[in-house]
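Please open the model in your viewer, with the sequence panel beside it, and follow the selections below in order.

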Amino acid sequence: MEAVVFVFSLLDCCALIFLSVYFIITLSDLECDYINARSCCSKLNKWVIPELIGHTIVTVLMLISLHWFIFLLNFPVATWNIYRMILALIND
C-alpha cells in the first residue's frame with residue numbers, strides 16, 4: 001500500500017510541476033504581448049481546479065498513510081489553494 005501511495009504521489013507531483021511550467025510559459029507569453037489577457041486567463045483558469053485536486057489528493061493520502069512529515073510539507077500548499085478557491089467563489 002505504501003509503495004502505491006508514493007508512486008501515485010510521484011506521478012501527481014510530476015503533473016503539478018508540468019502544470020507550473022505551463023503557467024510560467026503562458027504568463028511569459030502574456031508579458032511579451034504574444035497573447036492578450038483574456039486569452040491567458042481562459043487558458044490558465046481551466047487548470048486551477050485540477051491543481052487544487054492534485055494537491056489535496058496528495059495531502060490526504062499522506063495523512064491517511066500516516067506520513068506526518070510529508071503531510072506537514074504539503075498541508076500549507078493545499079490550504080493556500082483551497083483558500084484561493086474560496087476567495088474566487090466569494091468574489092464571483
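The model is a predicted one, in which local features need pLDDT of at least 70 and side-chain atom pairs count only at pLDDT 80 or more, while totals for chains, interfaces and linings use all residues. Residues are numbered from 1 along each chain as its sequence is written, and side-chain values use heavy atoms, with hydrogens and water left out.

Helices are DSSP runs of H or I with at least four residues, numbered from the N terminus. Axes are lines fitted to C-alpha atoms, for helices over the stretch in contact, and angles run from 0 to 180 degrees between N-to-C directions. Angles under 35 degrees count as roughly parallel, over 145 as roughly antiparallel, 65 to 115 as roughly perpendicular and the rest as oblique.

Keep the pair on screen and look at the way in which α3 passes α4, which is a left-handed crossing (the near helix is turned anticlockwise from the far one by less than a right angle; clockwise would be right-handed). Now show the side chains of the contact (heavy atoms within 4.5 Å): on α3 these belong to V48, I49, E51, L52, H55, T56, V58, T59, M62 and L63, and on α4 to W68, I70, F71, N74, F75, V77, A78, N81, I82, R84 and M85. Coloured by class, the residues of this contact of α3 with α4 are 14 nonpolar, 5 polar and 2 charged, where Ala, Val, Leu, Ile, Met, Phe, Trp, Tyr, Cys and Pro count as nonpolar, Asp, Glu, Lys and Arg as charged, and the others, Gly among them, as polar.

Within α3, pick L63, which is partly exposed at 34% relative accessibility (buried means under 20% relative accessible area, exposed over 50% and partly exposed in between, with a 1.4 Å probe and protein chains only). Not counting residues up to four places away in sequence, L63 touches W68 and F71. Then move to L66 in the loop between α3 and α4, where phi is near 60 degrees, a positive value in a residue other than glycine; L66 counts as exposed at 55% relative accessibility.

Next, display α1 with α3. Their axes are 10 Å apart and pack at an angle of about 155 degrees, so α1 and α3 are roughly antiparallel, and their crossing is left-handed. From α1, V5, F6, F8, S9, D12, L16, L19 and F23 meet E51, G54, H55, I57, V58, L61 and M62 of α3. The contact of α1 with α3 has 10 nonpolar, 3 polar and 2 charged residues.

Which residues is S9 in contact with, leaving aside its neighbours within four places in sequence? They are V58 and M62, and S9 itself, in helix α1, counts as buried at 8% relative accessibility. Another serine of α1 to select is S20, which is partly exposed with a relative accessible area of 37%; S20 and W47 are 27 residues apart in sequence and 9.9 Å apart in space, C-alpha to C-alpha.

Now bring up helix α1 (residues 2-31) with helix α2 (residues 37-45), whose axes come within 10 Å and cross at roughly 175 degrees, which makes α1 roughly antiparallel to α2. Y22, F23, T26, L27 and L30 of α1 make the contact with A37, C40, K43 and L44 of α2, and its residues divide into 7 nonpolar, 1 polar and 1 charged. In the loop between α1 and α2, select D33, which has a positive phi of about 65 degrees although it is not a glycine, and which counts as exposed at 66% relative accessibility.

The structure holds 0 disulfides (a disulfide being a pair of cysteine sulfur atoms within 2.5 Å). C13 is partly exposed at 32% relative accessibility, and C14 is partly exposed at 44%.

How values were computed:
Helices (H or I, at least four residues) and strands (E, at least two) are DSSP runs, numbered from the N terminus.
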